[in-house]
Amino acid sequence: MTTTRHELLHAFDLLLAPGRFKDYGPNGLQVEGRTAVRRLVSGVTASRALIEAAIAAQADAVFVHHGLFWRGQDGRVTGWMKQRLALLLAHDINLFAYHLPLDAHPELGNNAQLGLRLGLVAEPGPEGRFGEQELGFIGRRAEAEGDGFADAPALARHVEAVLGRPATLVDPGRGPIRRVAWCTGGAQGYFEAAIAAGADAFITGEISEPQAHYAREAGVAFLACGHHATERYGAPAVAGHVAAQLGLNHEFIDIDNPA
C-alpha cells in the first residue's frame, strides 16, 4: 500500500502534537521528497550513514529524532549539511524529524520506551512527570521485576545489561533504590528537578561536571548511559505504529554510535 507525504505528516503530527512544545528546531517535515510514500525507514539521527542506508532500502521517507536543522546553527549549506541534503534531494526522499515531541509521548516516546525496557513504571498522572515541559518520567520498578534495586550498582548492572553498554555511575552510597527518575539523551540538566521530585536515582544519556557533585551532596545516584543508547527506541515505536496505521512497509536502521 501507499500513502501520501501529506497524510504521513498529518499522522505524525496527530500522534505527537508538536505544537505543544517549545523546541530547539523545527518538528515535522524537514526535507520534502516525493509525494507517494510506500517504504518508511526510521532511525535516531539523520546522519549520512542513515540516509545512505535508507537509499539502499529504497525508502520514500525517513523518520528520525535528531533532524538536520537546529536553532542557532550555521545556516550555510556546506560540508556535512550539503552532503546529507544532496543525498535526500537526489533520491527524492522525505525527511521527518520530531525532537521533544518524540521524547514526551506517553506510550511510544523515548522515555516511555526506555522505561518499558528497563521495567520501570511511571507514576500515574502529573506525579509521574517532572522537569521543564514535563519531559522527565519518575516512578518505580514494575512489581513483576521486584521491589526496587538493592543499591545504585545493582541498578547500573541492570541498565547495562538492557542497553548492552557500560554506564557511568556516580554512587553516593545511599542504599536501596526505589524511586527512579529518567529522561533520555542530553538531559543531565534535569537532575536537580529529579532530586526535587524525590528520586533515589536518575537515569539519562550524558553527564556534565556539576552532576557528580550534586549526586554526592544530595545522596541521589546519577547514571549516564549514552545519548544514542537511551534514544534508540522511540523512533521505531512511533514509525512502526504510524506505518501499521497507513499500511506502509517500515524498517528501523540503527547506526551504531558510541555516544
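A cavity, on a 1 Å grid over the protein atoms alone, is a set of points where a 1.4 Å probe fits but cannot get out, and lining residues have an atom within 4 Å of a point. The model is predicted: local features need pLDDT of at least 70, side-chain atom pairs count only at pLDDT 80 or more, and totals for chains, interfaces and linings use all residues. Residues are numbered from 1 along each chain as its sequence is written, and side-chain values use heavy atoms, with hydrogens and water left out.

**Exercise 1. Describe the largest cavity and its lining.**

Step 1. The structure holds one cavity of 30 Å³ or more.
Step 2. The space in the largest cavity is about 40 Å³, where a volume is the space filled by probe spheres set on the points, joined across faces, edges and corners.
Step 3. Its lining consists of D23, G25, P26, N27, Q30, H65, G67, F69, W70, A97, Y98 and H99.
Step 4. Sorted by class, this lining of the largest cavity has five nonpolar, six polar and one charged residues (Ala, Val, Leu, Ile, Met, Phe, Trp, Tyr, Cys and Pro count as nonpolar, Asp, Glu, Lys and Arg as charged, and the others, Gly among them, as polar).

**Exercise 2. Find which residues line the second largest pocket.**

Step 1. A pocket is an open set of points with protein on both sides within 12 Å along at least five of seven lines.
Step 2. The second largest pocket contains about 160 Å³ of space.
Step 3. R20, F21, A104, P106, R129, Q133 and E134 line this pocket.
Step 4. The classes in the lining of the second largest pocket are three nonpolar, one polar and three charged residues.

**Exercise 3. Work out how helices α5 and α6 are oriented to each other.**

Step 1. Locate the helices: α5 spans residues 110-118 and α6 spans residues 152-163 (helices are DSSP runs of H or I, at least four residues, numbered from the N terminus).
Step 2. Their axes come within 10 Å and cross at roughly 110° (axes are lines fitted to C-alpha atoms over the stretch in contact, and angles run from 0 to 180 degrees between N-to-C directions).
Step 3. Angles of 65 to 115 degrees count as roughly perpendicular, and α5 and α6 are therefore roughly perpendicular to each other.
Step 4. L114, R117 and L118 of α5 make the contact with H158, V159, V162 and L163 of α6 (contact means heavy atoms within 4.5 Å).
Step 5. By class, the contact of α5 with α6 has five nonpolar, one polar and one charged residues.

Conventions. Helix = DSSP H or I, 4+ residues; strand = E, 2+ residues; numbered from the N terminus. Parallel < 35°, antiparallel > 145°, perpendicular 65-115°, else oblique.
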